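Dear colleague,

I am handing over the structure we spoke about, together with my notes on what was found in it. Please look through the model first and then read on.

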Amino acid sequence: MSGAAVLASVRDLCVVYRRGGRDVRALRGVSVDLTRGRVTALVGESGSGKSTLGLALVGLLPHNARVERGAVSFEGRELRGEELWREVRGSGIAWQPQDALAALDPLMNVLDAVAEGPCFADGLAPMVAQARARTALERAGFACDDPALLRFPHGLSGGQRLRVAFAAAIAREPRVLIADEPTAALDAPLALRTTALLRDLAERGSAVLWITHDLALAAHAAHEIAVIYAGRIVEIGAARQVVATPRHPYTALLLAVARSYEPAPAATMRAESGCAFRGRCPLARVSCATSEPELVELAGGRKVACPFHAEVRVP
Ligand SMILES: Nc1ncnc2c1ncn2[C@@H]1O[C@H](COP(=O)(O)OP(=O)(O)OP(=O)(O)O)[C@@H](O)[C@H]1O
Ligand SMILES: [Mg+2]
């Protein structure tokens, strides 16, 4: 395979949750490739569908979710059926859930919890798995004699739990890592350390999907940025390009928010037809109400779902 090998991908994925007798469309036709050697940041506001995409990629959608359309593939093989998912989760894809406490076994101390994957899923001898766990925990910022290593999850701070869950994911040395908000509760030095580890994993040949709501951090540390809004990718491209010259008005809004530290204007109800962003968009016009824009490729390989992309300016 070439250096740009796609290790995991989703194609035209539509996921619907059933809640209170109603359907909630969480993903509406999402396609993303995760490529060897690259960190792809998935950026968007709360409720935009980031975790749903991560869960779909690892086959862990909850029971009230259904895949209406689309497919997930790992190393060229389309994944269908729990058995195949289990095999892939055991051998190639690691997942760090957003809720670190739920991810950790309450009856295992930190060291054992991180060694569990390398030992049971990867079949390493217990001593080797423990050594792998110690290395991963050190890389996640724990000193080798940190008393936290022998504590149970409920005795850890939120940031410590997050770092333990992250260490558990990287200890597997997965070919694909899906990390859901691994930096969310961390101070700046620890967040930067975590992003350096994501890049390090990619440099050693893995593909990484890094879910984050922090566009400024993504600009700093990801190779590629995919911006998701209301269950659709609205812009995707090289991180530097997307941040230097955003071409979707939502990306421009996120950038303005990241620069000013002002909160984003409150989300209005998503429009039922046409462009979902039009209620918040400074460029919206009548035609935006009739059809939902498709992703179109621009110069440099970036794709954007806005016909008025040439007019986009960071406010
Ligand atoms: N288990 C569930 N049952 C019903 N609806 C759900 C469920 N999980 C998510 N949703 C809905 O699906 C949509 C996408 O949610 P998702 O958790 O993927 O967003 P997110 O981008 O990860 O948000 P956050 O940044 O807050 O983590 C939201 O409207 C959410 O309310
Ligand atoms: Mg989430």
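How far does a backbone N or O atom of Ser 48 lie from an oxygen atom of ligand 1? The separation is 3.2 Å, which falls within the limit for a polar contact (a pair of N or O atoms within 3.5 Å).

Before the rest, some conventions: this is a predicted model, in which local features need pLDDT of at least 70 and side-chain atom pairs count only at pLDDT 80 or more, while totals for chains, interfaces and linings use all residues. Residues are numbered from 1 along each chain as its sequence is written, chains are lettered from A and ligands numbered from 1 in the order in which they are written, and side-chain values use heavy atoms, with hydrogens and water left out.

To continue with ligand 1, one of its oxygen atoms is 2.8 Å from a polar backbone atom of Gly 47, and an oxygen atom of the ligand is also 2.8 Å from an N or O atom in the side chain of Gln 98. The protein covers 72% of the 640 Å² of accessible area that ligand 1 has on its own (Shrake-Rupley method, 1.4 Å probe). Around this ligand there are 15 residues, of which Ser 46, Gly 47, Lys 50, Thr 52 and Gln 98 come nearest (a residue is near if one of its heavy atoms lies within 4 Å). Helix α1 (50–57) gives the largest share of that shell, three residues, and β1 (6–19) and β2 (22–35) each supply at least two (helices are DSSP runs of H or I with at least four residues, strands runs of E with at least two).

The magnesium ion, ligand 2, has Ser 51 (OG) and Gln 98 (OE1) as its protein donors, lying 2.0 to 2.2 Å from it (donors are N, O and S atoms within 2.8 Å of the metal, or 3.2 Å for Na, K and Ca; water is not among the atoms, so sites may look incomplete). This pair links distant parts of the chain, 47 residues apart, with Ser 51 in helix α1 and Gln 98 in the loop between β6 (93–96) and α3 (100–103). Gln 98 is partly exposed, with a relative accessible area of 45% (buried means under 20%, exposed over 50%, partly exposed in between).

As for the whole protein chain, ten helices and twelve strands are found, and 50% of the 315 residues count as buried.

Best regards

Terms used
A polar contact is a pair of N or O atoms within 3.5 Å; within protein, one must be able to donate a hydrogen and the other to accept it, and residues adjacent in sequence count only if both atoms are side-chain atoms. Buried means under 20% relative accessible area, exposed over 50%, partly exposed in between (1.4 Å probe, protein chains only).
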